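Please read it alongside the coordinates.

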Amino acid sequence: MGKEKEYLKELLNKINEVSHNFLGYPVSKDFDYSELSEFLKYPINNIGDPFEDSTYKVQTHNLEREVVDFFAQLFNADPKDYWGYVTNGGSESNLYGLYLARETFPKAMVYYSESTHYSVKKNIHLLNIPSIIIRSQENGEIDYDDLESTLKFNRHKPAIVLTTFGTTMKEAKDDVSKVKNILKKLAIHDSYIHCDAALSGTYGAFMEPRIPFDFSDGADSISISGHKFIGSPIPCGVVITRRTLKDRISKGISYIGSSDTTITGSRNGHSPLFMWYAIKKMGLKGLKERYNHSSETAIYCKDELIKIGVKAWMNPGSITVVMPKTSEEIKEKWQLATQDDITHVICMPNVTKQQIDEFVNDMAKQ
Ligand SMILES: *Cc1c(COP(=O)(O)O)cnc(C)c1O
């Protein structure tokens, strides 16, 4: 094992090194879960429904329920009618939302904007639901006029609208209450709204002014990624929906002594542990401070870029700074995501003003 040990050491050094200059992807790295390391010794498996007891006891269902409770409350879910679970990431959370939507309205059409995350397109393909792409506005938000005229044309069909709260490149947010009003205006009663809030859902409740996206605004299910704003060593996500919707797809499985209500069978039991630990440690107050820090850093970054003549801009309440495509050199050094003619910097909670200064310095030199 001499050679392999050497390789592991090198790999660890390399990962440590590249995680410093990291401004382009929505991943927090400022967590410390070392207190939980003993749990890695156990085959923790959250198989089955987190709200039911199962025969398999090496699990963290209690903590998973607390994580679901926390986000259900944050998203203004009906205290008597919510359900959810910890997934393998935002993509699985989106798949779940769309699955529930299709089971509720099997003859529906899905509407989503051209700025929607690629996981949604893949999920729609997997579920084989007919779909229509709606135009995006220049800022990345869905074009409500195009949505209305397209819905009008298909008003005889049930409608599933997939809204995004924080698009991948511009962190644009579709307004769920506007979508709900369009559906009402057109008298489309058989409708379902799934909100993909992978990045921004975690701090949406703290934005001022508020941008409608949650259950009180008309969403039927909401998905987030756990490893993005909160941060986790293992990718994970959360999906929250109404319990009554979930009950439609629930099937009892005697082998596990629980209901099969989730996408995968065996489920990672460590992720709920990380999420729970982070939520308990931060509390609502800490989470809000985390957002305020990111928001301030982003505004600082945008202002500093404008000072050196870069046409940087941000969507309201966002932590993402959008700018014209940067040089290859800067893109490589800072690991910046670039699409078409734009590049973005995402000011995750671990990003500091010093890092922004260093980055802006590099930008000034090019
Ligand atoms: C990251 C992201 C996803 C996918 O989440 P994963 O956790 O990577 O599966 C979906 N939608 C949006 C808008 C995202 O930013």
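In this predicted model, a polar side-chain atom of D196 sits 2.6 Å from a nitrogen atom of the ligand.

**Ligand surroundings**

- The protein buries 86% of the 380 Å² that the ligand exposes when taken alone.
- The residues around the ligand are G89, G90, S91, N94, H117, S119, G166, D196, A198, S225, H227 and K228.

**Sheet**

- Seen in order, the strands of the open sheet run β1-β7-β6-β5-β4-β2-β3, 7 strands with mixed pairing.
- The edge positions belong to β1 (83-87) and β3 (131-134); each has a single partner strand, so one side of each has no neighbour in the sheet.
- From one strand to the next, the twist averages 15°.

**Strand pairing and helix packing**

- Strands β2 (residues 109-113) and β4 (residues 159-164) run parallel and are joined by 4 bridges.
- Within these strands, Y112 is opposite L162 of β4.
- Helix α2 (residues 61-74) packs on the sheet, where it touches β1, β6 (221-225) and β7 (237-241).
- The direction of helix α2 makes about 115° with that of β1.

Note on methods. Residues are numbered from 1 along each chain as its sequence is written. This is a predicted model: local features need pLDDT of at least 70, side-chain atom pairs count only at pLDDT 80 or more; totals for chains, interfaces and linings use all residues. Side-chain values use heavy atoms; hydrogens and water are left out. Two strands pair if DSSP finds at least two bridges between them. Helices (H or I, at least four residues) and strands (E, at least two) are DSSP runs, numbered from the N terminus. Axes are lines fitted to C-alpha atoms, for helices over the stretch in contact, and angles run from 0 to 180 degrees between N-to-C directions. Contact means heavy atoms within 4.5 Å. A residue is near a molecule or strand if one of its heavy atoms lies within 4 Å of it. A polar contact is a pair of N or O atoms within 3.5 Å; within protein, one must be able to donate a hydrogen and the other to accept it, and residues adjacent in sequence count only if both atoms are side-chain atoms. Accessible areas come from the Shrake-Rupley method with a 1.4 Å probe; for residues, only the protein chains shown count as cover.
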